[in-house]
Amino acid sequence: MENVIHILRQKNIYFNERYFLWSMGSIFLFGIVSGMVTLSIYRSLREEAGQMGKSDMVVLKQIKMKYEQFIIINGSVLNTYRMVERYIRNYKAWKVRISSWRKLINACELLLIMVSGVTGTILYAANHDKEKVMMIIVVGGFLAYALFMYERLIKIEDKEKDLVCYITDYLDNTLNTKAQRTVRTECTVRDIEKRMEEEKARIRENKRKQEKVLSDILDNYL
């Protein structure tokens, strides 16, 4: 490390403020755009969830099918909220999971701090102006904080909770009733069919016994 610092001091490396600001601005802008994209995805999902019974969106259809399978097989779902949350976070928009879109903002925040910190350290080691070094670190920290406040302002986490709660409410209070009714109907039909088969078997057995009695009587007289 000491050798690297010595080389930097000897070379007195050139620092272009314009390139630095362009880099930091690009990272910041990318974080803003990723937040807007994430927000747009959640809004689209919320609109589709508003008509979930008729929606053709694949992820919503998968959630409904999985829920109905649990009801038919187990009679209930232990934690509907977690099941829905898992499906939503694995939903892909433009081949990227929505959970990854969310993490991009945090990644940009971290990248801003890292770039400004590393740049400031290198310039300090190369004996650049200390005020300029402080300015670099302050700019990185300010942009990272601004991105953090932007993330809180658009309330992505609240949008996810609202979406998951809405879908959960639909499943537990609407689809569950229909699924339970279907299960009861299927059970009733199966019971009726079973009783009919048993009655048919009993009739065949009685008929067989009567034919045997008649056969025995005829054998005695012939």
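**Reading helices, core and cysteines**

Biologist: At what angle do helix 2 (residues 17–49) and helix 5 (residues 98–125) pack, and how far apart are their axes?

Modeller: Helix 2 and helix 5 pack at an angle of about 165°, and their axes are 8 Å apart. Axes here are lines fitted to C-alpha atoms, for helices over the stretch in contact, with angles running from 0 to 180 degrees between N-to-C directions. Helices (H or I, at least four residues) and strands (E, at least two) are DSSP runs numbered from the N terminus. Before we go on, note that this is a predicted model, in which local features need pLDDT of at least 70 and side-chain atom pairs count only at pLDDT 80 or more, while totals for chains, interfaces and linings use all residues. Residues are numbered from 1 along each chain as its sequence is written, and side-chain values use heavy atoms, with hydrogens and water left out.

Biologist: How do helix 3 and helix 4 cross?

Modeller: The axes of helix 3 and helix 4 come within 10 Å and cross at roughly 150°, so these two helices are roughly antiparallel to each other. The crossing of helix 3 and helix 4 is right-handed.

Biologist: How many helices and strands does the protein chain have, and what is their order?

Modeller: The protein chain has seven helices and two strands, and from the N terminus on its elements run α-α-α-α-β-β-α-α-α. Of its 222 residues, 29% are buried (under 20% relative accessible area; exposed is over 50% and partly exposed in between, with a 1.4 Å probe and protein chains only).

Biologist: Which residues have the most contacts inside the largest nonpolar core?

Modeller: A nonpolar core is a set of buried Ala, Val, Leu, Ile, Met, Phe, Trp, Tyr and Cys residues joined through side-chain atoms within 4.5 Å. The largest one has 41 residues, and those with the most contacts inside it are Ile 63, Val 84, Ile 88, Ile 167 and Leu 171. At least two residues of this core come from each of helix 2, helix 3 (58–74), helix 4 (80–89), helix 5, helix 6 (130–154) and helix 7 (156–221), and helix 2 gives the most, with ten residues.

Biologist: How many disulfides does the structure hold?

Modeller: A disulfide is a covalent bond between the sulfur atoms of two cysteines. The structure holds zero disulfides (pairs of cysteine sulfur atoms within 2.5 Å).

Biologist: What is the phi of Lys 95, and where is its place?

Modeller: Lys 95 has a positive phi of about 65° although it is not a glycine. Its place is in the loop between strand 1 (92–93) and strand 2 (96–97), and at 77% relative accessibility Lys 95 counts as exposed.

Terms used
Parallel < 35°, antiparallel > 145°, perpendicular 65-115°, else oblique. Left-handed = near helix turned anticlockwise from the far one by under 90°.
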